[in-house]
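The following paragraphs lead a new reader through one protein model. Please keep the sequence and the structure in view while reading.

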Amino acid sequence: MISIASKEMCCGCAACEQRCPTSCIVMREDEEGFLYPQTDTSKCIGCGLCEKVCPVLNQGEKRKPLHVYAAKNTKTRIRLQSSSGGIFTHIAEQIIQKNGVVFGARFDENWAVEHACTETLEGLAAMRGSKYVQSRIGRTYRQAKEFLESGRPVLFSGTPCQIRGLKLFLAKEYENLLTVDLVCHGVPSPEIWRQYLQIIATGGGQHPNSELRSTSQITGINFRDKTTGWQYFSLRFSFRRETGSGLPETADVSRIHYKDPFFYCFLSHVTERYSCYACPAKELKSGSDITLGDFWGFRGTKDFPDDNNGISLLLINTDQGSKYITGTLRSEQSYEKVIKQNPMITASLIKDPRRDTFYKAVAKSSLHRQSKKLRLINKIKRYANRLADLALGNRIR
C-alpha cells in the first residue's frame with residue numbers, strides 16, 4: 001500500500017491511482033495545490049501494485065543519449081507558436097498522420113493545466129508551448145493503454161516523472177508507443193497559479209484591465225510569448241471584455257519573464273513541488289525515447305543560425321526516437337557541453353531555504369508582495385556577494 005512518509009517521496013504522477021484494482025486510491029490536493037495519494041484502507045487488498053508503479057520507489061537506470069542536436073522546425077510559424085524550436089509539433093504531426101493519438105498538457109476551461117489527448121492536427125495547438133504548472137494526469141495512462149492495445153500509434157509527452165510513471169503503469173514495451181519528455185526545471189504549484197490568475201483577472205492594482213472580474217474573460221495564455229524574442233520571452237495574457245457599446249474588446253497583459261511575479265518566484269525555486277528537489281527521473285532515467293528542451297547557450301553557426309525565434313535541444317535516447325526527426329533542421333552537438341549550459345538534464349533543483357515560509361507568507365499577504373520581497377532579498381544578497389568578492393580580491397593582491 002502506498003504510504004507517503006515524506007512529500008519528497010511523491011511526484012504526483014497518479015500512476016498508483018490508475019493502477020489500483022479496487023479504486024481505493026484517490027489523488028487529493030494539499031494546501032499548496034499539489035496532488036498526493038490517499039488510500040481507503042478498508043478497500044485495500046494489499047496487492048502491492050500501487051508500489052510497483054511508483055517512479056520514486058522504482059527508479060530507472062541512468063542513461064546517455066544516442067544523439068544530441070540543436071534542432072528547429074522548418075516552419076517559422078510553428079516555431080513562433082512554440083516554446084523553443086517547434087520539434088514537438090513536428091513529431092506529433094507524424095503520429096496524427098498515421099491515425100495515431102497524441103497526449104500532452106493543455107489548459108482546461110478554468111486555465112488550470114491538465115493532460116489530455118487529441119486525434120487531430122488542429123488539437124495539437126492546445127498542447128504546443130510550455131505550461132509552468134504541474135498538470136493533472138487524470139486517467140490518461142489508462143486511455144493510452146487502451147489505444148495501444150487497439151494497435152494505434154501513441155505519442156505520450158510529459159515531465160520525466162510522468163513518463164516514468166506511464167512506463168511502469170504499462171509494465172511492458174509497445175512498438176506503437178513513442179514517449180517524449182522535457183528538460184524539467186521543476187513543477188510550480190497549481191494553487192499559486194490559481195492565485196495569480198485571480199490577480200491578473202481583477203487587475204490586482206497592477207494591470208490596466210482592472211475592470212475585469214473573472215478568469216472567464218481570459219481568452220489565451222502564452223508562457224513563452226516570443227514578441228520580445230526567444231531569449232527574452234514574456235508571459236502574455238489575452239482578454240475579451242465587453243465595452244459600453246456592447247461590442248467585445250480584446251486586451252493583452254504581457255511582462256518579460258524575469259519581471260513577472262509568478263515567473264520570478266518560479267525561477268527563485270520557491271514554488272516547486274517537494275519531489276522536484278530530489279527528482280527521481282534525472283539523467284534520462286524516465287525511459288523516454290526523446291527529450292526536448294531549450295538549447296540555451298547555443299550561439300548558432302553559418303549553416304545553422306540563431307534567429308532568436310527558438311532552438312530546441314533534441315536528445316535522441318532510443319532507436320524508436322530516431323525515426324521521427326527526419327525533416328528537421330539540426331546540428332549535432334556534444335552532450336558534455338550541453339549539460340554545462342542545461343544542468344537540469346542531470347541535476348535536481350536546489351531547494352531555496354525560504355521555500356516553506358514563502359507559502360505561508362503568500363497565504364497571509366499576496367504573491368505580488370512576496371515576489372517583490374524575494375527580489376529585494378536577492379538583490380541585497382548579490383550586492384553582498386560582490387562586496388565579498390572585492391574584499392577577497394584586495395586581500396589577494
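In which loop is the place of P280? P280 belongs to the loop between helix 8 and strand 11.

In its secondary structure, the protein comes to 12 helices and 13 strands. Its radius of gyration is 22 Å, close to the 21 Å that the globule rule gives for 397 residues, so the protein is as compact as a globular protein of that length. Taken along the principal axes, the box filled by the C-alpha atoms is roughly 65 × 60 × 60 Å. Of the 397 residues, 53% are buried.

The average pLDDT of the protein is 91, and 93% of the residues score at least 70. Over residues 205–212, however, the pLDDT is below 50, although this stretch has 21 contacts in the model beyond near neighbours in sequence. Where pLDDT is low, the predicted coordinates should not be read in detail.

The loop named at the outset can now be examined. P280 has a relative accessible area of 4%, which is under 20%, and therefore counts as buried. Leaving aside residues up to four places away in sequence, P280 touches P55, V56, Q59, S275 and K285. The C-alpha atom of P280 is separated by 8.6 Å from that of L57, although the two residues are 223 residues apart along the chain.

E272 lies in the loop between helix 8 (261–267) and strand 11 (290–294) as well. Is E272 buried or exposed? With a relative accessible area of 0%, E272 is buried. The residues that E272 touches, not counting those up to four places away in sequence, are F34, H185, G186, V187, P188, F266, Y277, L349, R355 and Y359. F223 stands 49 residues from E272 along the chain, and their C-alpha atoms are separated by 17 Å.

Helix 8 itself contains Y264. This residue, Y264, counts as buried at 11% relative accessibility. Beyond residues up to four places away in sequence, Y264 is in touch with H257, Y258, S371, L374, R375, N378 and R382. Y264 and D40 are 224 residues apart in sequence, and from C-alpha to C-alpha they are 39 Å apart in space.

Attention now turns to helix 4. How many of the residues of helix 4 are buried? The helix is mostly covered, with 10 of its 11 residues buried. Those buried residues are I87, F88, T89, H90, I91, A92, E93, Q94, I95 and I96. T89 is found in this helix, which spans residues 87–97, and T89 has a relative accessible area of 1%. Not counting residues up to four places away in sequence, T89 touches I78, S82 and R128.

After helix 4 comes N99, in the loop between helix 4 and strand 4 (101–107). The phi of N99 is near 65°, a positive value in a residue other than glycine. A positive phi is found at A14 too, where the angle is near 70° and the residue is again other than glycine. A14 is placed in the segment before helix 1 (15–19), and at 5% relative accessibility A14 counts as buried.

G129 is found between strand 5 (113–118) and helix 5 (140–149).

Key
Residues are numbered from 1 along each chain as its sequence is written. This is a predicted model: local features need pLDDT of at least 70, side-chain atom pairs count only at pLDDT 80 or more; totals for chains, interfaces and linings use all residues. Side-chain values use heavy atoms; hydrogens and water are left out. Helices (H or I, at least four residues) and strands (E, at least two) are DSSP runs, numbered from the N terminus. The radius of gyration is taken over C-alpha atoms; the globule rule is 2.2 Å times the number of residues to the power 0.38. Buried means under 20% relative accessible area, exposed over 50%, partly exposed in between (1.4 Å probe, protein chains only). pLDDT is the predictor's confidence in each residue, from 0 to 100. Contact means heavy atoms within 4.5 Å.
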